[in-house]
Amino acid sequence: EKYDVLLTDIHMPEMNGFELTKNILELYPNKKNRPLIVALSADSLLDSKQKAFKAGMDDYLSKPFRKQDVENLIRSHFVTE
């Protein structure tokens with residue numbers, strides 16, 4: 001199946017979001033063919049956000065987040081006016 005957006009927690013127990021992102025980037029070297037990768041974390045430090053972007057993630061949401069936050073994020077990446 002093809003997914004448009006992947007929400008990944010940075011601190012997952014078995015495979016963290018950084019490892020998952022690395023695997024996805026290897027599977028989809030062309031950004032146009034891969035899902036949007038969004039890091040999720042309860043850690044709102046700027047350092048965590050910078051690490052997520054450096055790892056190749058496309059965006060970042062701090063937990064807790066609202067439905068509107070997710071909608072705005074998706075809109076910012078997919079809706080062109």
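In strand β2, Ile37 is the bridge partner of Leu6, and in this predicted model the two strands β1 and β2 pair in the parallel sense over five bridges. Another of the pairings joins Asp9 to Leu40, the latter being the partner that lies in β2. These strands belong to an open sheet of three strands, which has the order β1-β2-β3 with parallel pairing. The points below begin with this sheet and then turn to the helices, the nonpolar cores and a few single residues.

**The sheet**

- Strands β1 and β3 (59–62) stand at the edges of the sheet and have a single partner strand each, so one side of each is left without a neighbour in the sheet.
- From one strand to the next, the twist of the sheet averages 25 degrees.
- Six of the six residues of β2 are buried, so this strand is largely enclosed by the rest of the structure.
- Leu36, Val38 and Leu40 point one way from β2, while Ile37, Ala39 and Ser41 point the other way, and all of them are buried.
- In a regular strand, the side chains alternate between the two faces of the sheet.

**Helix α1**

- Which residues of helix α1 (residues 17–27) are buried? They are Gly17, Thr21 and Ile24.
- The exposed residues Lys22 and Glu26 are carried by the face of α1 that is turned away from the buried side.
- Among the elements that cover the buried residues of α1 are the strands β1 (5–9) and β2 (36–41).
- The N-terminal end of α1 is capped by Asn16, a side-chain oxygen of which lies 2.9 Å from the backbone nitrogen of Phe18.

**Helices α2 and α3**

- Helix α2 (residues 46–54) packs on the sheet, where it touches β2 and β3, and its direction makes about 150 degrees with that of β3.
- Helix α3 (residues 67–78) lies across β1, β2 and β3, and it runs at about 170 degrees to β3.
- Ser76 is a residue of helix α3, and it is classed as exposed because its relative accessible area is 52%, where the cut-off for an exposed residue is over 50%.
- A polar atom of the Ser76 side chain lies 2.6 Å from the backbone oxygen of Leu73.
- Ser76 and Glu26 are 50 residues apart along the chain, and their C-alpha atoms are separated by 25 Å.

**Nonpolar cores**

- The largest nonpolar core has seven residues, which are Ile10, Ile24, Ile37, Ala39, Ala52, Met57 and Tyr60.
- In soluble globular proteins, nonpolar side chains tend to be buried together.
- If neighbours within four places in sequence are left aside, Ile24 is in contact with Leu6, Arg34, Pro35 and Ile37.

**Asp58**

- The side chains of Asp58 and Arg34 are joined by a polar contact of 2.7 Å.
- When residues up to four places away in sequence are not counted, Asp58 touches Lys31, Arg34, Pro35, Leu36, Ile37, Phe53 and His77.

**Val5**

- Val5 lies in strand β1, and it is classed as partly exposed because its relative accessible area is 26%, a value that falls between the cut-offs of 20% and 50%.
- Leaving aside neighbours within four places in sequence, the residues in contact with Val5 are Pro35, Leu36, Val38, Ile74 and Phe78.
- Val5 and Glu19 are 14 residues apart along the chain, and the separation between their C-alpha atoms is 17 Å.

**A cis peptide bond**

- The peptide bond from Lys63 to Pro64 is cis, with omega near -5 degrees, and Pro64 is found in the loop between β3 and α3.
- Most peptide bonds are trans.

Technical notes. Residues are numbered from 1 along each chain as its sequence is written. This is a predicted model: local features need pLDDT of at least 70, side-chain atom pairs count only at pLDDT 80 or more; totals for chains, interfaces and linings use all residues. Side-chain values use heavy atoms; hydrogens and water are left out. Buried means under 20% relative accessible area, exposed over 50%, partly exposed in between (1.4 Å probe, protein chains only). Helices (H or I, at least four residues) and strands (E, at least two) are DSSP runs, numbered from the N terminus. Contact means heavy atoms within 4.5 Å. A polar contact is a pair of N or O atoms within 3.5 Å; within protein, one must be able to donate a hydrogen and the other to accept it, and residues adjacent in sequence count only if both atoms are side-chain atoms. A nonpolar core is a set of buried Ala, Val, Leu, Ile, Met, Phe, Trp, Tyr and Cys residues joined through side-chain atoms within 4.5 Å. Two strands pair if DSSP finds at least two bridges between them. Axes are lines fitted to C-alpha atoms, for helices over the stretch in contact, and angles run from 0 to 180 degrees between N-to-C directions.
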